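Please open the structure in your viewer and keep the selection panel at hand. This tour goes from one stop to the next, saying what to select and what is there.

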Amino acid sequence: MQSLSAAASETARPLPILQTDGDHAFGIYLHWPFCMAKCPYCDFNSHVRHQPVDQPRFAQSFLREMATLRERTGPRTVTSIFLGGGTPSLMQPQTVGALLDGIAKYWSVADDIEVSLEANPTSVEADRFRGYRAAGVNRVSLGVQALNDRDLKRLGRLHSVAEAKVAIGLAREIFPRLSFDLIYARPDQSIADWNAELREAVALAADHLSLYQLTIEEGTQFYNLWKAGKLTTPDPDHAAALYEETQRVTSELGLPAYEISNHAVKGRESQHNLVYWRYGEYVGIGPGAHGRFRENGARTVTMTEKHPETWVDKVESSGHGIIEEEYLTPEQEGDEFLMMGLRLKEGVDLNRYQKLTGHGLKPERLASLQEQNFLQVLDGNFLRATPDGALLLNTLVAELTA
């Protein structure tokens, strides 16, 4: 089989629409844990290094961990690849190419595979876009986060709005698919301000946007400021109004939500994220990566060492950096299936829930949550959250499975 980089160099035609099937999809997640700076709101596994990262050494460790996990998964066809972080666009294109070609070596890859890479829109990283495309990347996700310079500085971002727009334009030119992220419910953000920013974002977007509400996570700089009373976030009612405005404007402009925080033209949803939300299987490779795949008749959860250099040492000594793993019970699988799938506008297939757990949901609990307008049953088989219910998923799943 030809490499992903060779296939990418043949054509820049738009990708065909791939309908991710939760029963058969198989994704690969690669976590590159390094950033130029730690954003004050971020609780992801990201690390700043003031000396150059030894990319060849890390690449070899990624390939070694791939080989180990390939022995556990057996032969599979990979339907999507996602390079996340951290900041994967700090990798050299040849590093990205080596990782993608490693995947093609250890597993089969679908002809219509989606290969996404997260990138920051600084001018230095944007210059690498053509190299990433040649390496096999066909979808880029830009961490824009705001379209005004004041809030970019507040969020600790290193780029300007002008740089973000240049990167968006370049990405639209080079990659068949593009998405970018924005954060809303920022301090002092009015509904009118967000409406204007959102309309500008949709005009800049190709066919996908990720729109996240700012959350204050323990262990971040924002949490410390918030705890000390030095950071004020919108009250719950204002945050809810911003969420509702997000849904209204994106629907009006042709990018409706297909998941709580993700919006797309129909058929251009993030195929890799649909692997998660439709409860497909995936392998996680790299520092702090998680995986979920079937092994010995059960769904296996793997978690790797978070500290990058410690992860490398473990991989070099034992062939992988996995430090925790477990087999899920049918009940745990059912809980995860509901939690992930109810994020989607399409909801979840109740027949698949029964297949996973060996039983259906309790009719009286289901009826009660329907009466409260938190859940809807469609065509007798699909269960989905209403707009009110989408804001209470943890509670809904606990009620359904108690």
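**Stop one: a pair of charged side chains**

Begin by selecting Asp151 and Arg150, whose side chains meet in a salt bridge with an N to O distance of 3.1 Å. Please keep in mind throughout that this is a predicted model. Is Asp151 buried or exposed? Asp151 has 2% relative accessibility, and because buried means under 20%, Asp151 counts as buried. Arg150, with a relative accessible area of 46%, is partly exposed. Now extend the selection to Arg154, Arg186, Asp188 and Glu197, which are linked with Arg150 and Asp151 in a network of salt bridges.

Select Arg72 and Glu325, whose side chains meet in a salt bridge at 2.6 Å, N to O. Arg72 belongs to helix H2 (residues 55-73) and Glu325 to strand S14 (residues 322-327), so this pair ties together parts that are 253 residues apart in sequence. Both partners are partly exposed, Arg72 at 23% relative accessibility and Glu325 at 42%.

Next, select Arg248 and Glu245, where the side chains form a salt bridge of 2.9 Å, N to O. These two residues lie 3 residues apart in helix H10 (residues 236-252), which means that about one helical turn separates them. Arg248 is partly exposed, with a relative accessible area of 41%, whereas Glu245 counts as buried at 12% relative accessibility.

**Stop three: the nonpolar cores**

Which residues have the most contacts inside the largest nonpolar core? This core has 100 residues, and the ones to select are Ile28, Leu30, Ile81, Phe129 and Leu142. Now centre the view on Leu30: leaving aside residues up to four places away in sequence, its contacts include Phe62, Met66, Leu99, Ile103 and Ile285. There is also a second, separate core of 12 residues, and you can find it by selecting Ala264, Leu274, Tyr282 and Ala289, which are among its members.

**Stop four: an open sheet and a helix across it**

Finally, display the open sheet formed by 3 strands, which follow the order S15-S17-S16 with antiparallel pairing. Strands S15 (348-349) and S16 (375-378) are the edge strands, each of them pairing on one side only. Between S16 and strand S17 (residues 382-385), which run antiparallel, there are 4 bridges, and the bridge partner of Leu378 in S17 is Phe382. Last, select helix H15 (residues 363-371), which lies across S16 and S17 and runs at about 110° to S16.

Terms used:
Residues are numbered from 1 along each chain as its sequence is written. This is a predicted model: local features need pLDDT of at least 70, side-chain atom pairs count only at pLDDT 80 or more; totals for chains, interfaces and linings use all residues. Side-chain values use heavy atoms; hydrogens and water are left out. A nonpolar core is a set of buried Ala, Val, Leu, Ile, Met, Phe, Trp, Tyr and Cys residues joined through side-chain atoms within 4.5 Å. Buried means under 20% relative accessible area, exposed over 50%, partly exposed in between (1.4 Å probe, protein chains only). Contact means heavy atoms within 4.5 Å. Two strands pair if DSSP finds at least two bridges between them. Axes are lines fitted to C-alpha atoms, for helices over the stretch in contact, and angles run from 0 to 180 degrees between N-to-C directions. A salt bridge is a side-chain nitrogen of Lys or Arg within 4 Å of a carboxyl oxygen of Asp or Glu.
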